[in-house]
Amino acid sequence: MKRLLSLFLAAALCLVLAGCASSEKQELKAALDEANGYTTVDYTMDDGTTLEQTVIYDENGVVVTALGVQGSADTCRLWLRLENNTSDDVTLWTDSVQVNGWELDSVLWLEVSKNSMGREYVSFYPEDAGLELDSIQTITLDCELQDDDYNTIDTFTATLETSAYTGALPDEELPGDVLYEGNGVTLTFGGIQQERYSSYAKLQFYVENTGKKFVTLESEAFRLYDDYEMDVFLYETVSAGAKKAFYIYIEQDDIDDAEMGTYYYEYDGDDWEEDTFDWTVYMPFQMELTIIKAYSEVLDTPTVTIDTNDVELVDEDEAADWGEETATVTDEADVAIAEEEPVEEEAANVMDDTDTAATEETTDAAVAEEETATTGTEDVRTA
């Protein structure tokens, strides 16, 4: 009986090993097909927008290829592949990502071993900055390649046009009231969003840099009406020729009485939750800006004035904590996109002088029905 059981277990193990070998071969074939431009991955956005596979860099033994786009205009992914044909590890990272001319806070970091190939995506969320885009038409990447010792191999800029591109982006003025205009920089104020029955709020700004060098906007304080001050930290960098949208978050507890040197709190017994804090009482705000070109040259130090009666109130059950809500939306969007990625996207590692491949975790149909997904960076070693 024991002998029969041993034979049965041995046979089962052989079947498992045979299945693994078959899976590895399939993954290897899919990876090599993609490397040769025969991808089986569906790089298509929800609205049907596609991006033609494009080589955006081919020098110094390194090839970078834009593979395609997925997701929506609010939660988009651009997939890139790096082929490293050098004898050192190479890292690709993005210093700036612009969508339809708007710069977004998105970063790609893709490290690939020598004589290998890897694939990763850069994601961007226009809504997080207060932008509402109808479609993704152009994507501009400012990239840097580094070796294993973090020395710069090269830098390059690539602009990609999707199938939604109409030939030219609309030349639109920045929304909101102009706060500053000069030295190729325009700054506008788009209004205040505030939680109902709360003092927590965020101020919307838009900036455009028409110069040939990137600029940085810095500020550390607001001066409020009637000798009140408030600590505010602003540090935003805008690439040459780009626009950017951003928020500044403010809270009642941060208001400081400049004359008394103490923080100011407004509390009305047990009924404070029944009222909405009125920020307009403390307007106009004055913000002292420093505008710097290329980290070193101070272009201007203007004082801008913010004065408005237009405050958009958002219910607490919708707003809650904007920071936490944004993170949750981002995570859910990543999962939603990941669920659409087919199994063929999983890459294999092809070692020199071997026919073996390291199998990465894939998502089968049963797990997909349970709405779970696995994503990751593929690192494919060329044979």
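Tutor: Before we start, helices (H or I, at least four residues) and strands (E, at least two) here are DSSP runs, numbered from the N terminus. This is a predicted model, where local features need pLDDT of at least 70, side-chain atom pairs count only at pLDDT 80 or more, and totals for chains, interfaces and linings use all residues. Residues are numbered from 1 along each chain as its sequence is written, and side-chain values use heavy atoms, with hydrogens and water left out.

Student: Good to know. How many helices and strands does the protein chain have?

Tutor: The protein chain has four helices and 23 strands.

Student: And what share of the residues is buried?

Tutor: Of the 383 residues in the chain, 43% are buried. Buried means under 20% relative accessible area, exposed means over 50%, and partly exposed is in between, with a 1.4 Å probe and protein chains only.

Student: Let's pick a residue. Where is V90, and is it buried or exposed?

Tutor: V90 sits in strand β4, residues 90–99. Its relative accessible area is 1%, so V90 counts as buried.

Student: Which residues does V90 touch?

Tutor: Leaving out residues up to four places away in sequence, V90 touches V62, L82, N84, L110, E111, V112, L145, Q146 and I153. S113 is 23 residues from V90 along the chain, and their C-alpha atoms are separated by 6.5 Å.

Student: Now the inside. Which residues of the largest nonpolar core touch the most other members?

Tutor: They are I56, L78, L82, L92, F124 and I136, out of 38 residues in that core. Apart from that core lies another of 34 residues, including V232, F246, Y282 and I291. A nonpolar core is a set of buried Ala, Val, Leu, Ile, Met, Phe, Trp, Tyr and Cys residues joined through side-chain atoms within 4.5 Å.

Student: Why would those side chains be buried together?

Tutor: Nonpolar side chains tend to be buried together in soluble globular proteins.

Student: Back to F124, what is it in contact with?

Tutor: Beyond neighbours within four places in sequence, F124 is in contact with D74, T75, C76, L78, V97, V99, L104, S106, I136 and I139.

Student: Why is strand β15 called largely enclosed?

Tutor: Seven of its eight residues, in the run 243–250, are buried, so β15 is largely enclosed by the rest of the structure.

Student: And which way does β12 pair with β15, parallel or antiparallel?

Tutor: Strand β12, residues 201–209, pairs with β15 in the antiparallel sense over eight bridges, and V207 has K244 as its bridge partner. Strand β5, residues 102–104, runs parallel to β15 with two bridges, and there W102 partners K243. Two strands pair if DSSP finds at least two bridges between them.

Student: What is phi of N183?

Tutor: Phi of N183 is near 55°, a positive value in a residue other than glycine. N183 lies in the loop between β10 (177–182) and β11 (185–195). D226 also has a positive phi, about 65°, and lies in the loop between β13 (215–223) and β14 (228–238). At 53% relative accessible area, D226 is exposed.

Student: Last topic: what volume does the second largest pocket have?

Tutor: Its volume is about 570 Å³, and of its 23 lining residues N100, W102, L133, P170 and E172 are the closest to the centre. On a 1 Å grid over the protein atoms alone, a pocket is an open set of points where a 1.4 Å probe fits, with protein on both sides within 12 Å along at least five of seven lines, and lining residues have an atom within 4 Å of a point. Grid points are joined across faces, edges and corners, and the volume is the space filled by probe spheres set on the points.

Technical notes
Contact = heavy atoms within 4.5 Å.
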